[in-house]
Amino acid sequence: MGEQNISSDQDAQQSQAFLLALLSDLTALEKMLDAGVIESGVRRIGAEQEMFLVDREMRPAPVAVEVLARANEPRLTHEIGLFNLEANTAPRLFAGRCLDEMETELRELVASAGAAARVSEADILLCGILPTLRQSDMTLANLTPNPRYAELNRVLMQRRSGEFQMLIKGLDELRVSHDNLMLEAACTSFQVHFQVGGDEFARLYNVAQAATAPVLAAATNSPLLLGHRLWHETRIALFQHSVDDRSTTHQQRGTPTRVSFGEGWLRESVLEYFREQIARFRIVLTQRIEEDSLAELARGELPRLAALRLHSGTVWRWNRPCYGIYQGRAHLRVEMRALAAGPTIMDEMANAAFFFGLMVAMPEEYGPIERAMSFDAARENFLAAARQGLRAQFAWLGGRSIPAATLILEHLLPLARAGLATEVAIEDATRLLDLLEARAHFRRTRAGD
């Protein structure tokens, strides 16, 4: 869940104070890593389930505020649009029946949201992009009344000095101009988290980067936007455009966008990611930071790193590091953000199981992934998966070219099965990966063939 205590009064003094807090958080994290404070030797998983609220005609239903009040469920929260909701599962150890337990919890949360929605003559729909959305639905009238979203919209529009311009070419071509960030509300995702140790973060983050393309290729389900047939996973292009704060001049200069796959492999530490983030991206949201992270650390307390987490929440890499505190221990997670919501919870869990299995097995099979393939190949694979799904052609290890479906069936699914077999109940892994195998075998995802 995003930080909601946001200030809209960003004078020079407050911005300077927030920047100092941000740098203090970075130094505190470095000290925590050096001292071995970050939890290691433990794997946990979790998920964020975004969803649409729809009316009886399957059109967006902007009733999130009343649905949340009625549901009275702390694991449910709002998202940017009044026709969006988000559910957050509990962290759980990556062991035993964890996949089945996560699936059960997701079903309970979606059912709870659905029961509350039906009182408002609405229901829940899981999909990456709602096919019935119209551009007229994405107005500020449907923006969730929350300071974070209002301030984000204000600052991004101010930075752009003009409307958002979007051009996506697929089977059709879509060109759109839009005057606010509500295009983001057209996207809902299923974000999975995988906890890793501080000393292994760079190596496993790189694995996540390489694994994302084949997982996405087998998981695409968002081919339609505003009545146009575009990419197999159009969310990837749409989300990048929806929060792009670059002016035309900055785009021409090659200024990086806030939504991206990244610029290169991590070499040694998660600190490289955060340092680059601070150096490349201007602060767009601030808040009053009461705590001093370094002072807290000196007292033997675990700092929240509030400034670092807030700034990180305004740079949307498809794989993003997350810092948190759970059961009295500080930890790091890889958040995989590329997967669309739906169309069923079992579909989502099959995608998650594939990703988790690869996170376990690929380091053992391939060694340091950054030595086996170029970063450009990983990024090109990701874009090819988003555009073409299982029809994509990947540049894989050793520089060889291989169809996505072939790579998944002949190499990566067996790897994922082996990886999961060492950690979780085999019946859960088999049930979920069999579903994913059927997609790859028939070359058909929920986005079509």
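Guide: A residue counts as buried when its relative accessible area is under 20%. In this model, which is predicted, phenylalanine 261 and phenylalanine 375 are both buried. At 4% relative accessibility, phenylalanine 261 falls in that class, and phenylalanine 382 is buried with a relative accessible area of 1%.

Visitor: How many aromatic pairs are there, and how is such a pair described?

Guide: One gives the distance of the ring centres and the angle of the planes. The count here comes to 15 aromatic pairs. One of them joins phenylalanine 261 and phenylalanine 375, a tilted pair at 5.6 Å centre to centre with 35° between the planes. Phenylalanine 261 sits in the loop between β11 and α8, while phenylalanine 375 belongs to helix α13, 114 residues apart. For phenylalanine 261 and phenylalanine 382, the centres are 5.0 Å apart and the planes at 25°, so this pair is stacked. Ring pairs join Phe261, Phe375 and Phe382 into a cluster that also includes Phe239, Trp265, Trp316 and Trp318.

Visitor: What describes two packed helices, and at what angle do α3 and α11 cross?

Guide: The description uses the angle between the axes and the distance between them. The axes of α3 (residues 98-119) and α11 (residues 345-366) come within 10 Å and cross at roughly 145°, in a right-handed crossing. Residues of α3 including Leu99, Leu106 and Val110 meet residues of α11, among them Met349, Ala353 and Phe356. By class, this contact has nine nonpolar, no polar and two charged residues.

How values were computed: Residues are numbered from 1 along each chain as its sequence is written. This is a predicted model: local features need pLDDT of at least 70, side-chain atom pairs count only at pLDDT 80 or more; totals for chains, interfaces and linings use all residues. Side-chain values use heavy atoms; hydrogens and water are left out. Axes are lines fitted to C-alpha atoms, for helices over the stretch in contact, and angles run from 0 to 180 degrees between N-to-C directions. Helices (H or I, at least four residues) and strands (E, at least two) are DSSP runs, numbered from the N terminus. A crossing is left-handed if the near helix is turned anticlockwise from the far one by less than a right angle, and right-handed if clockwise. Contact means heavy atoms within 4.5 Å. Ala, Val, Leu, Ile, Met, Phe, Trp, Tyr, Cys and Pro count as nonpolar, Asp, Glu, Lys and Arg as charged, and the others, Gly among them, as polar. Rings of Phe, Tyr and Trp (its six-membered ring) pair if their centres lie within 6.5 Å; planes under 30 degrees apart count as stacked, over 60 as edge-to-face and the rest as tilted. Buried means under 20% relative accessible area, exposed over 50%, partly exposed in between (1.4 Å probe, protein chains only).
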